[in-house]
Amino acid sequence: MKLKYGSAFITALVISFATVLPAFAETGTLQGSGRVNIREAPSTSSSIQHYGLGGDRVTILNQTNAPDGYRWYFVEFPNSGARGWVRGDLLRVGGNYGGTSTQRISFAPGTLGATVGGKVQGAQSRDYLVNARAGQTLSLSTVGTSSFLQLQVFAPNGSILYTGSRNWSKVLRQSGDYRVRARLVPEEQNAGTAAEYSLTVVVR
């Protein structure tokens, strides 16, 4: 595919990320009530190749942090094979083919944290929304029944802050809703593995 862009930086970025694909691919769901533009390069100034609709499922082939501060994803539509870049706030990332549920976490008055519990199996995932301000510290701790349990943390702009299975803590740089996702590691999502867990979220 011949690539033409307005700057040498974007050209190099697209060649680097679009031609060297990772060893695994995640799935995602386009977000929005209407058209979601799919672009030739990871920039809103790049030409629109085609578009999808909110709820469309895609395969994520690669991703990058762009100069605009957003994480962009290089995606493929499984039916048409069409490919292009979509901005992170317009894509929900994760095991959506197995089903994803979302729950907002609210803290009781006078407390800094809350504990929730759940179960994930196969490609299922469970998302938790936590509202926090820049400068606050978000901390997570988990107790689970499986070593294959994995957490992901997404910033309000869609960028991934953390992927792993250990307790995690970070001073936040943005204000807004942070998404905490509980899932199985990708290698176990097709193996019928299940994991029950308890997740404690603290914002201070």
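A residue is termed partly exposed when its relative accessible area lies between the 20% under which a residue is buried and the 50% over which a residue is exposed. The structure described here is a predicted model. In this model Arg 83 has a relative accessible area of 36% and is therefore partly exposed. The side chain of Arg 83 meets that of Glu 76 in a salt bridge, with an N to O distance of 2.8 Å.

The pair formed by Glu 76 and Arg 83 belongs to a set of five salt bridges found in a search of the whole structure. Side chains of opposite charge can pair when their charged atoms come close. A salt bridge also joins Asp 89 to Arg 87, with the closest N and O atoms 2.8 Å apart. Both partners are partly exposed: the relative accessible area is 31% for Asp 89 and 21% for Arg 87.

A further salt bridge connects the side chains of Asp 177 and Arg 104, at 2.7 Å from N to O. This pair links distant parts of the chain, since Asp 177 belongs to strand β15 and Arg 104 to strand β8 (residues 100-104), 73 residues apart. Asp 177 counts as partly exposed at 31% relative accessibility, and Arg 104 is likewise partly exposed, with a value of 43%. Elsewhere, salt bridges link Asp 127, Arg 179 and Arg 181 in a network.

Glu 188 presents another arrangement. This residue lies in the loop between β15 and β16 (194-203). Glu 188 is buried but has no salt bridge. The nearest side chain of opposite charge is that of Arg 183, 13 Å away, whereas a salt bridge requires a side-chain nitrogen of Lys or Arg within 4 Å of a carboxyl oxygen.

Asp 68 is found in the loop between β4 (57-65) and β5 (71-76), and is partly exposed, with a relative accessible area of 37%. Gln 152, by contrast, is buried, because its relative accessible area is 2%, under the 20% limit.

The largest pocket contains about 240 Å³ of space. Its lining consists of 16 residues, of which Gly 88, Leu 91, Ala 155, Gly 158 and Arg 179 are the closest to the centre. Arg 179 is also a member of the salt-bridge network with Asp 127 and Arg 181.

Note on methods: Residues are numbered from 1 along each chain as its sequence is written. This is a predicted model: local features need pLDDT of at least 70, side-chain atom pairs count only at pLDDT 80 or more; totals for chains, interfaces and linings use all residues. Side-chain values use heavy atoms; hydrogens and water are left out. On a 1 Å grid over the protein atoms alone, a cavity is a set of points where a 1.4 Å probe fits but cannot get out, and a pocket is an open set with protein on both sides within 12 Å along at least five of seven lines; lining residues have an atom within 4 Å of a point. Grid points are joined across faces, edges and corners, and a volume is the space filled by probe spheres set on the points. Helices (H or I, at least four residues) and strands (E, at least two) are DSSP runs, numbered from the N terminus. Buried means under 20% relative accessible area, exposed over 50%, partly exposed in between (1.4 Å probe, protein chains only). Lys and Arg count as positive and Asp and Glu as negative; His and the chain ends are not counted.
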